[in-house]
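Colleague: I would like to go through the labels on this model with you. Could you show it first?

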Amino acid sequence: MESSQGQDQATSQQVADQAREKAGEAAEQAKQTAHNAASQAQDRIREQVDQRSAEAGERVNSTAQDIRLVSEELRNQGKDAPAKIADQAADRIERAGSYLRDSDADRILNDVEDFGRSRPWAVLAGAVVVGAAAARFLKASSRSRYSERQQRVEYAPYGDGGRQLSTPHTPATETAVTTPSTPVTTPVGVR
């Protein structure tokens, strides 16, 4: 009897060891799959950043060429000082466009990180500007949503369960005293 219990314990131990081994293999496989998925996602993001930065670089270079045309036109009109300023702006814009077009995602990210480390006040100021712009956008869109919601409620004749959701505003000059038993009629088109 003791030998059968010893065999059962040995078999149980082997099964437990095999289960641990299988669980370890499954965990390792899941870890590898997650790592592969993350790596693929990073590669896709890098490709997107490379593509978008190249497109942005081309658009910026096109803008620089437009500014150069403006500069030439100013020179033709005899306005050399504004033409010189336009040329300088075009040069700077063209450099930015070339940077965007020729840089890869890693270089752009490294440059942004370096800029943030060397000028944290600029990053903070940029965050404040973006936050203020987002707040103004949300406030403006909230106001328009509120107005639309009020108009829907105001013009809905009857809502839930047959009760009136809101009463239209009547100017003081057209106010009439009525009793609940006498209906009030209004001309067509007047609310």
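Colleague: Why is D87 called buried?

Modeller: D87 has a relative accessible area of 19%, and buried means under 20%, exposed over 50%, partly exposed in between (1.4 Å probe, protein chains only), so D87 counts as buried. Bear in mind that this is a predicted model, where local features need pLDDT of at least 70 and side-chain atom pairs count only at pLDDT 80 or more, while totals for chains, interfaces and linings use all residues. Residues are numbered from 1 along each chain as its sequence is written, and side-chain values use heavy atoms, with hydrogens and water left out.

Colleague: What makes R75 and D87 a salt bridge?

Modeller: The closest N and O atoms of R75 and D87 are 2.6 Å apart. A salt bridge is a side-chain nitrogen of Lys or Arg within 4 Å of a carboxyl oxygen of Asp or Glu, so the pair qualifies. R75 lies in helix α1 and D87 in helix α2, so they tie together parts that are 12 residues apart in sequence. Helices here are DSSP runs (H or I, at least four residues), numbered from the N terminus.

Colleague: How do you know that E58 forms a salt bridge with R101?

Modeller: Their closest N and O atoms are 3.9 Å apart, so the pair meets the cut-off. Helix α1 holds E58 and helix α2 (residues 80-102) holds R101, so this pair ties together parts 43 residues apart in sequence.

Technical notes: Helix = DSSP H or I, 4+ residues; strand = E, 2+ residues; numbered from the N terminus.
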